[in-house]
Amino acid sequence: MAKNVAQAQAQSPLEKNSLASLDQKLAMAKRCSHEGVLAGAKAAAVATVATAIPTLASARMLPWAKAHLNHTAQALIISTVAGAAYFIVADKTVLATARRNSFNKNSNIDA
């Protein structure tokens with residue numbers, strides 16, 4: 001008997017709506033984060049190429065860079081820029097997507 005009462009309470013429309021809403025919010029968050037990861041990876045790839053070319057060229061041509069920038073320093077410069085580009089672009093993309101979705105949600109409720 002208690003089992004049937006618990007099932008009846010779990011099947012109430014209010015709880016169904018809240019669970020559906022929670023599932024929808026989780027799906028939206030997953031999509032936002034996925035978009036951020038893709039945008040961040042693209043930005044990191046571009047930043048890696050844009051940083052690697054002048055870093056490697058200067059380490060071969062400039063006397064000061066040739067004397068002070070070993071392979072580890074060059075890799076550190078390139079990877080730091082790539083990591084920074086990834087996190088900055090991913091964060092901005094997630095925030096922009098969340099903001100856009102929150103505006104869309106408010107406009108759908110008003111309409």
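**A quick tour**

Me: Let's start with a residue. How does Tyr-86 count on relative accessibility?

Reply: Tyr-86 counts as partly exposed, because its relative accessibility is 24%. Buried means under 20% relative accessible area, exposed means over 50%, and partly exposed is in between (1.4 Å probe, protein chains only).

Me: Where do these values come from?

Reply: This is a predicted model: local features need pLDDT of at least 70, side-chain atom pairs count only at pLDDT 80 or more, and totals for chains, interfaces and linings use all residues. Residues are numbered from 1 along each chain as its sequence is written, and side-chain values use heavy atoms, with hydrogens and water left out.

Me: Back to Tyr-86. Which residue does it form an aromatic pair with?

Reply: A search of the whole structure finds one aromatic pair. Tyr-86 and Phe-87 form it, edge-to-face, at 5.1 Å centre to centre with 85° between the planes. For the terms: rings of Phe, Tyr and Trp (its six-membered ring) pair if their centres lie within 6.5 Å; planes under 30 degrees apart are stacked, over 60 edge-to-face, and the rest tilted.

Me: And Phe-87, buried or exposed?

Reply: Exposed, because Phe-87 has a relative accessible area of 59%.

Me: Zoom out. How many helices and strands are there?

Reply: The protein chain has four helices and zero strands. From the N terminus on, its elements run α-α-α-α. Helices (H or I, at least four residues) and strands (E, at least two) are DSSP runs, numbered from the N terminus.

Me: How much of the chain is buried?

Reply: Buried residues are 19% of the 111 in the protein chain. Its accessible surface comes to about 8400 Å². Carbon and sulfur atoms account for 68% of that surface. Accessible areas come from the Shrake-Rupley method with a 1.4 Å probe; for residues, only the protein chains shown count as cover.

Me: What about contacts along the chain?

Reply: Take contacts between residues at least 6 apart in sequence: 73% of them join residues at least 24 apart. Contact means heavy atoms within 4.5 Å.

Me: Give me an example. What does Gly-40 touch?

Reply: Gly-40 is in helix 2. Not counting residues up to four places away in sequence, Gly-40 touches Tyr-86, Val-89 and Ala-90. Gly-40 counts as buried because its relative accessibility is 0%.

Me: How accessible are the two partners?

Reply: Arg-100 is partly exposed, as its relative accessible area is 45%. Glu-35 also counts as partly exposed, at 27%.

Me: What else does Glu-35 meet?

Reply: Thr-97, which lies in helix 4. Leaving aside neighbours within four places in sequence, Thr-97 is in contact with Cys-32 and Glu-35. Thr-97 is buried, because its relative accessible area is 2%. A polar atom of its side chain lies 2.7 Å from the backbone oxygen of Thr-93.

Me: Now Thr-48. Which residues does it touch?

Reply: Thr-48 touches Ile-78 and Ala-82, not counting residues up to four places away in sequence. Thr-48 is found in helix 2. Its C-alpha atom is 6.0 Å from that of Ile-78, which is 30 residues away along the chain. With a relative accessible area of 28%, Thr-48 is partly exposed.

Me: And Thr-51, buried or exposed?

Reply: Buried, because its relative accessible area is 12%. Thr-51 is in helix 2. It touches Ile-77, Ile-78 and Val-81, again not counting residues up to four places away in sequence.

Me: Last one. Which residues make the nonpolar surface patch?

Reply: Leu-19, Leu-22 and Leu-26, with about 290 Å². Leu-26 lies in helix 2 (residues 13-61). Leu-26 counts as exposed because its relative accessibility is 53%. Patches are made of residues with over 30% relative accessible area and no salt bridge: like charges are joined within 9 Å, nonpolar side chains (Val, Leu, Ile, Met, Phe, Trp, Tyr) within 5 Å.

Key: A salt bridge is a side-chain nitrogen of Lys or Arg within 4 Å of a carboxyl oxygen of Asp or Glu. A polar contact is a pair of N or O atoms within 3.5 Å; within protein, one must be able to donate a hydrogen and the other to accept it, and residues adjacent in sequence count only if both atoms are side-chain atoms.
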